[in-house]
Amino acid sequence: MAKARPISGLSAEEPYATAAAKIVAVRAREVADHSHRVLDVSDIERVHNMRVATRRLRAALEVFEPCYPRREFKAALAEVKAIADALGERRDRDVTIAALEDFAEGMRAPDRPGVSSLIEKLRAEQTEANAELEPFVRSERLAALSERLSELVISAQALAGSEA
Amino acid sequence: MKKLDRHEPLADNAARIVRVRLKEMRSFGPGALEPQRTGAQHDMRIAAKRLRYVLESTEFCLGRSAATARRRARDLQDLLGELHDCDVMLPRVEGHLAELREADAVAVRERAGEASDLDPRLAARASHRTSYRGLEMLIVYLQARRGLLFDRFREFWVEQERAGTWDRLERAVARRLRAARERRRAAKRAEQARHELEAAEREKSDAALRAASAAADLQAARRTVRGGIPRPGG
C-alpha cells in the first residue's frame with residue numbers, strides 16, 4: 001500500500017483553513033497519481049492504492065469541512081465517495097480471487113474444481129465491476145474532480161487570507 | 001464532526017477530531033471482543049480506519065503517542081479487515097455450494113425421467129460431484145481462520161489496552177485541549193482587560209475635559225473678582 005505523502009510546511013499552530021488547503025491539495029494529487037491503469041486486472045495493487053488515496057482524500061475533506069463553501073464541499077465529497085465505492089466493488093473481487101487462488105494452490109488437483117468454479121464466477125463479477133469503474137476513472141472525469149478540488153483549495157486559501 | 005472552529009489552529013481542531021474518533025473506536029471494544037458480534041467488529045474496523053486517516057495528516061500536532069496510535073490503528077484495521085473478509089466469504093462459498101447442489105438435484109431428477117424411484121448411480125454421476133469436497137474444505141478453512149484471526153484480534157486489543165496505546169493518545173489530546181481552553185480564557189481576559197482599559201481611558205479623557213472646563217470657569221471667575229464691579233458710566 002502506498003504511504004501517505006508528507007505535507008510539507010505544515011505546523012501545529014497553522015490556521016485551520018491554511019492547513020485545509022495544503023492537505024487537500026496533496027491528497028487530491030495522490031488520487032490523480034494513483035489513477036493510472038487501474039482497470040488493468042493483472043496488477044490489483046493499482047486499484048488498492050487509488051482506493052486508499054480516495055479514503056485519505058475523503059478523510060481530509062471531512063476533517064476540514066468548516067473551511068469550505070457548503071455546496072461545493074458536498075458535491076466534491078459525493079464525487080469522491082462515488083469513485084471510492086466503484087473502486088471498492090472491484091477491490092472486493094480482486095481480494096477474494098487472490099485469496100481463493102492462494103487456497104487452491106495448496107489443494108490436491110481433484111479437490112480444486114469447486115473452488116475454481118467459484119473463482120470463475122468472481123472473475124465475471126470482477127469484469128462487471130471493472131466496467132462499472134471505467135466511467136469513474138476516465139481522465140476527463142478525474143480532471144473535473146481535480147478542478148473542483150482546486151476550487152475548494154482556493155476557497156480555503158481565501159478564507160485563511162481573509163482571517164489573517 | 002461538531003465543535004470544529006475554523007478560527008482556531010489546526011492542532012486544536014485535530015485534537016477535537018481525534019478525541020471523537022478514539023472514543024468511537026473504543027466504544028466498540030466490549031461488543032467486538034465477543035466472537036459472534038461481527039457487526040461490532042466491523043464497526044470497530046471502520047472506526048479504526050477513521051482514526052488512522054485523521055492521524056495520518058495531523059499526528060505531528062499531538063506528539064509521539066499519536067504516531068504510535070496511528071500505527072496500531074492501522075494494524076487493528078488490517079486484522080479486523082481479514083476477519084471481515086472471512087465473514088463475507090463464508091456465506092458466499094456456502095451460497096455457491098448450495099447453488100451447485102440445487103443444480104445437480106434438478107439435473108439428476110430430470111435424468112430419472114419417468115422412473116418410479118431414483119437410481120443412486122445417477123446422483124453419483126452428478127456433474128458437480130467433484131466440486132463439493134473442495135468447497136467444504138474451504139468452508140472449514142474459513143471457519144478455522146476466522147477463529148484464529150479473532151484470537152489474534154482479542155490478544156492485540158488486550159495488549160494495546162495494557163500498553164496504554166489509546167490512553168496515551170487520549171492524554172495527549174486532553175493536554176492540547178486544556179492548553180487551548182487556557183489560551184481561550186487568557187484571550188478572553190485580555191479582551192476584557194482591553195475593554196476596561198479603553199473605558200478607563202475614555203473616562204480619563206472625559207475627566208481631563210471636565211477639569212479643563214472647570215479650570216477655565218475658575219479663571220474667568222477670578223478675573224471677574226480681581227476686576228471688581230464696573231461703575232456705571234466709568
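I will begin with one residue, Ala156 of chain A. Leaving aside residues up to four places away in sequence, Ala156(A) touches Ala17(A), Ala20(A), Ala21(A), Phe64(A), Cys67(A) and Tyr68(A). Please keep in mind that this is a predicted model.

The largest nonpolar core has 82 residues. Those with the most contacts inside this core are Ala20(A), Val24(A), Phe64(A), Ala156(A) and Val18(B). Which helix gives the largest share of the core? That is α4(B), with twelve residues. As background, nonpolar side chains tend to be buried together in soluble globular proteins.

Next, helix α1 of chain A, residues 16-33. This helix has 18 residues and reaches 26 Å from its first C-alpha to its last, close to the 26 Å expected at 1.5 Å a residue. Is α1(A) largely enclosed or largely open? Of its 18 residues, 14 are buried, so α1(A) is largely enclosed by the rest of the structure.

Arg37(A) has a positive phi of about 55°, although it is not a glycine. Is Arg37(A) buried or exposed? Arg37(A) has 12 other C-beta atoms within 10 Å, and a residue with 12 or fewer counts as exposed, so Arg37(A) is exposed.

Now the contact between the chains. How many residues of chain B are in contact with chain A? There are 30, and they meet 33 residues of chain A. On the chain B side, α1 (10-27), α3 (38-58), α4 (64-112) and α6 (132-163) each supply at least two residues. The largest share of that side, seven residues, comes from α6(B). By class, the side of chain B that touches chain A has 17 nonpolar, seven polar and six charged residues.

Last, a pair of helices inside chain B. The axes of α3(B) and α4(B) come within 8 Å and cross at roughly 145°. The crossing of α3(B) past α4(B) is left-handed. Among the α3(B) residues in this contact are Thr38(B), Met44(B), Leu51(B) and Glu56(B). On the α4(B) side, the residues include Ala66(B), Ala73(B), Leu80(B) and Asp87(B). Sorted by class, the residues of this contact are ten nonpolar, six polar and seven charged.

That is where I stop.

Methods
Residues are numbered from 1 along each chain as its sequence is written. Chains are lettered from A and ligands numbered from 1 in the order in which they are written. This is a predicted model: local features need pLDDT of at least 70, side-chain atom pairs count only at pLDDT 80 or more; totals for chains, interfaces and linings use all residues. Two residues are in contact if their C-beta atoms, placed from the backbone, lie within 7 Å. Helices (H or I, at least four residues) and strands (E, at least two) are DSSP runs, numbered from the N terminus. Ala, Val, Leu, Ile, Met, Phe, Trp, Tyr, Cys and Pro count as nonpolar, Asp, Glu, Lys and Arg as charged, and the others, Gly among them, as polar. A nonpolar core is a set of buried Ala, Val, Leu, Ile, Met, Phe, Trp, Tyr and Cys residues joined through C-beta atoms within 7 Å. A residue is buried if 20 or more other C-beta atoms lie within 10 Å of its own, exposed if 12 or fewer, and partly exposed in between; C-beta atoms are placed from the backbone. Axes are lines fitted to C-alpha atoms, for helices over the stretch in contact, and angles run from 0 to 180 degrees between N-to-C directions. A crossing is left-handed if the near helix is turned anticlockwise from the far one by less than a right angle, and right-handed if clockwise. The expected span of a helix is 1.5 Å times one less than its number of residues.
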